[in-house]
Amino acid sequence: MTQGTALVVGASHAGAQLAASLRQEGWAGEVVVVGDEGALPYQRPPLSKAYLAGKSTLEELAIRKADFYAKQQIRLVDARVESIERTDRRVVLAGGESMSYDKLALCTGGRARRLPVPGADLPGVHYLRTFTDVEQIRESAQPGRRAVIVGGGYIGLETAASLRALGLDVTVLEAADRVLERVTAPEVSAFYERLHREAGVTVRTGALVEALGGDDRVREVRLAGGDELPADLVVVGVGIQPNTELAAAAGLLVDDGVVIDDRARTSDHDIVAAGDCTSHLMARYGRRIRLESVPSAGEQAKVAAATLCGKDKTIAALPWFWSDQYDLKLQIAGLNTGYDEVVLSGDPSCDRDFTCFYLRAGELIAADCVNRPRDFASSKRTIAQRLPVDRDALLGVAAT
């Protein structure tokens, strides 16, 4: 069936791609995208980088211009969906209005995980997930002010680089023993700690935030152990929480994300899902994974659109990611979960370009490539095709 109304909940990367792909796959009926941010679907990765630094506008971040949606007859609705009524095939909006659908797509994304400590609701405490979040941070980000960033993951470190470039005094607090501990090898963590310290950022690991203090606004960050750090603004970057409440309330299967199969179908095969809100069993890694990745969201959206149009496509692409900090681009191919060996091409203790290859039982499963796009391309191909490789070959690829 390619007639009737295809309703996309969420004006996210996945939502925008799914709507466009529905037209490409031949959906002839109505296509409606419902989002609640009051803006055209936009790119989120630049928020902590170019947008925070004031180098790009919201219009420039738009995934597609307004005239694209008009030409493709894709209707954008600014509203919040409160519930899904599967029996009646409709969604209920805030305010009580309802919208009917023949096929439904959930692209609800995620929201910033809150910091569960006293004082976390004080003015001056910010999260970074939407363009309005960034605009609020920019209002506070005056040169010379003291910014404390809670979380030494990619969002925290990207934000630190942007705020440092704006002339702020920046401190990064990471509860783990090293930054990026969950996603990189110790050598890569050490490199990024050195990079930020050389840029004037104070990095404290093993730093557990106990409370935020202040009267009318945040003034200090209190650590377990008694240290108190003065702060004019605090940015919290401790991960995201998938928006699965709509799906769960509608009786769909949820397991750290809306559960989908290889065709992006939920437990109700008239409802598909894509993006950061989904959990997908990846045979390559032998487990169910929720990927916070723009490329993954785009692929899932394309597969979901094909599924709604009755075509047989499956989710198969290799996960990949990137992070821009200062003048360096980190490109990540694959997932390094379960690696048992690391091979380095270049020296992260002194070089500003290197690759960290992750192997498991002699097989390349992931690579972190800093300013080495050729290594990234080669690694993606090797991992995806499961090509045989040895240390000398890896070092040879990197050197060419």
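User: What makes the charged end of Arg114 count as sitting over the ring of Tyr127?

Analyst: This is a predicted model, in which local features need pLDDT of at least 70, side-chain atom pairs count only at pLDDT 80 or more, and totals for chains, interfaces and linings use all residues. Residues are numbered from 1 along each chain as its sequence is written, and side-chain values use heavy atoms, with hydrogens and water left out. A charge sits over a ring if NZ of Lys or CZ of Arg is within 6 Å of the ring centre and within 35 degrees of the ring normal. The charged end of Arg114 is 3.6 Å from the centre of the Tyr127 ring, and that of Arg138 sits over the ring of Tyr51 at 4.4 Å from its centre.

User: How do you know which kind of aromatic pair Phe191 and Phe354 form?

Analyst: Rings of Phe, Tyr and Trp (its six-membered ring) pair if their centres lie within 6.5 Å, and planes under 30 degrees apart count as stacked, over 60 as edge-to-face and the rest as tilted. Phe191 and Phe354 lie 4.9 Å apart, centre to centre, with 70 degrees between the planes, and the pair is edge-to-face. Both residues, Phe191 and Phe354, are buried.

Definitions and conventions: Buried means under 20% relative accessible area, exposed over 50%, partly exposed in between (1.4 Å probe, protein chains only).
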